[in-house]
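Please examine the sequence and the structure shown below. The paragraphs that follow lead from the overall form to its parts.

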There are 2 protein chains.
Amino acid sequence: MRIAIAFAVGLALASTACQSPGTQHAIPAAPSGNTLTPAEVIAASMPEEWRTLDPENTLYMDFPNGRVIIELAPQFAPKHVANVKALSREGFFVNGGVTRVQDNFVTQWAQAADPARPPKTGVEKLNAEFTLSRNAPVPFDILPDPDTFAPEVGFSNGFYAARDKDKVWLAHCYGMVGAGRDSDENSGGGTELYTIIGQSPRALDRQLTVLGKVVQGMEILAAFPRGTGDAGFYKTPGEYQRYSDIKVAADVPEVQRTNLETMRTDSASFQTLVNSRRWRKDDFYKQPVGRINLCNVTVPVRVKQ
Amino acid sequence: MRIAIAFAVGLALASTACQSPGTQHAIPAAPSGNTLTPAEVIAASMPEEWRTLDPENTLYMDFPNGRVIIELAPQFAPKHVANVKALSREGFFVNGGVTRVQDNFVTQWAQAADPARPPKTGVEKLNAEFTLSRNAPVPFDILPDPDTFAPEVGFSNGFYAARDKDKVWLAHCYGMVGAGRDSDENSGGGTELYTIIGQSPRALDRQLTVLGKVVQGMEILAAFPRGTGDAGFYKTPGEYQRYSDIKVAADVPEVQRTNLETMRTDSASFQTLVNSRRWRKDDFYKQPVGRINLCNVTVPVRVKQ
């Protein structure tokens, strides 16, 4: 058996080696026998273990080949979320475009008009919303597995998150959505947005404002041709991948909405799901690993039942 | 300042907490001032810090929109590498196709003929080559940063690798190439190959045979339309993304070759590169992180100078 039980502790700066954070949690034991599939966990879940997406905090970005849906995180980036909604409501994003696709990094989109139309009720720039105080009233459902970048990782209302003794923040996992900025940390605002399409670049954590997560349509955003300009920008507007608009779901007639619900990350079924993946064992995966990385966890999303 | 100096140690099972592996290495200190860019490190590197790719262990897969180049890892998967080369040389892959693209997971390719042409000098199935003994004569250039999945991670001749007290193996980072198999661990062989196109699924480590790495053309393999069948398989052969052949570079006339070299992962310049990314600090990245994940390291590859 190649099951590595004796995982070494992470390496730390000499001065802090072997300090245990007070919140240390144990990794749950392996389930017996073959692990459940996500479909099996979902099928056995209770209605109250799901949370309906709030149309006021959901965005639709409609491409010719399908709808991308983004759940916003007003608890972590209230000003950016409010601004993106204001921009949407003033028509800022009408006939917008994906302007940048850098392989193994980000897909980024903007108004893409030339010349750019300035915001009216929205603004171009906001102060950064990189972190919250650790004491902020946001949930934090701990994932006890070791992480390269942060002392603690987990989920906050379904969003990938991390924290240390002082701060809590959203983590740049696959599909998370952030606000592009210039060199000035306070130069973002939501007029340009990006999502992660490769190995999660967690070094961006606490350096850009994360304001949401793609809950449908990553297969669209991740498959656009990579830009051949610097940093993956398309060289010409003709290459932009056009979307019709970015709309707040609440502003869309009910008949045109996509009503989704997401599994609550504080639910027993989610814990079962994570542990079933952590210790995955089935006809194909014969060697349970016993660890899972934050960014390898997929939070289930489905059409509202 | 949001620089988190006091990273906690990784969480470990209670019984093994704070055991230090004998090979523990310290994370190098932050460079002073702004960090070098990869281009700057490459420009300052010495010729002997690069290794020319061996045409006998390099594959070309030519698509209508460009060439994918794979470096093979015969030290880790000698039988699979020999078999893929035998399959190539008997024409097994002529007019092949990408048959599966599962978002945030893998792009997979095969012969894609219907009916399938059986191998002649190559074979369908080989015994698994998941791991080597830790004592195997393969280099291991340690990356001292904490990892979720393995006690030690690093690079072996430029390939992402990991090890524990008993074994050493190649790690499923973005761009690594493995041999698809059925449920039987000894049912792969190289007639179907895959590469990682999303968050690295390290739980596959030691469960599939990894035999190489894409060193050019990930922007092609990662941008194909996602398959809409189960597990991302294309539903119809008409959707297959066709390549003309998979050729061993040594079998291609020299004038048609793409001669590449890769930075040696045992070189001083590579250590400088990694540490510059670990502590990245420049006009945009103002908060040095002090950690890097194995799969976030890009090993430089360039046209041979």
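With 305 residues, a compact globule would have a radius of gyration near 19 Å, and chain A agrees with this at 20 Å; the radius is taken over C-alpha atoms, and the globule rule is 2.2 Å times the number of residues to the power 0.38. This is a predicted model, in which local features need pLDDT of at least 70 and side-chain atom pairs count only at pLDDT 80 or more, while totals for chains, interfaces and linings use all residues. Residues are numbered from 1 along each chain as its sequence is written, and chains are lettered from A and ligands numbered from 1 in the order in which they are written.

Along the principal axes, the C-alpha atoms of chain A fill a box of roughly 60 × 50 × 40 Å. Chain A contains 4 helices and 17 strands; these are DSSP runs numbered from the N terminus, helices being H or I of at least four residues and strands E of at least two. Of its 305 residues, 52% count as buried. A residue is buried if 20 or more other C-beta atoms, placed from the backbone, lie within 10 Å of its own, exposed if 12 or fewer do, and partly exposed in between.

An open sheet of chain A is formed by 9 strands in the order S14-S4-S5-S12-S11-S13-S3-S2-S15, with antiparallel pairing; two strands pair if DSSP finds at least two bridges between them. Strands S14 (241-242) and S15 (246-248) of chain A stand at the edges with a single partner strand each, so one side of each is left without a neighbour in the sheet. Within chain A, 4 bridges join S11 (residues 176-179) to S13 (residues 209-216) in antiparallel fashion, and A:Gly178 stands opposite A:Val210 in S13(A). Helix H2 (residues 78-89) of chain A lies across S2, S3, S11, S13 and S15 of that chain, running at about 110° to S15(A); axes are lines fitted to C-alpha atoms, for helices over the stretch in contact, and angles run from 0 to 180 degrees between N-to-C directions.

In chain B, strand S12 (residues 193-196) directs B:Leu193 and B:Thr195 one way and B:Tyr194 and B:Ile196 the other way, and all are buried. In a regular strand the side chains alternate between the two faces of the sheet. S12(B) is joined to S5 (residues 106-110) of chain B by 4 antiparallel bridges, with B:Thr107 partnered by B:Thr195. S11 (residues 176-179) of chain B is joined to S12(B) by 3 antiparallel bridges, and here B:Ala179 stands opposite B:Leu193.

The largest nonpolar core has 148 residues, of which A:Tyr160, A:Ala161, A:Leu170, B:Tyr160, B:Ala161 and B:Leu170 touch the most other members. Domain 1 (31-53 + 260-305) and domain 2 (54-258) of chain B both give residues to this core, so it lies between them; the domain bounds come from an automatic or database assignment. A nonpolar core is a set of buried Ala, Val, Leu, Ile, Met, Phe, Trp, Tyr and Cys residues joined through C-beta atoms within 7 Å. Beyond neighbours within four places in sequence, the contacts of A:Leu170 include A:Ala73, A:Phe76 and A:Val210, a contact being a pair of C-beta atoms, placed from the backbone, within 7 Å.

Helix H4 (residues 268-278) of chain B has buried residues, among them B:Phe270 and B:Leu273. The buried residues of H4(B) pack against H1 (38-44), S7 (141-143) and S16 (260-263) of chain B. B:Ala39 lies in H1 of chain B and is exposed, with 9 other C-beta atoms within 10 Å. B:Ala39 and B:Leu273 are 234 residues apart in sequence and 9.4 Å apart in space, C-alpha to C-alpha.

Key
Contact = placed C-beta atoms within 7 Å.
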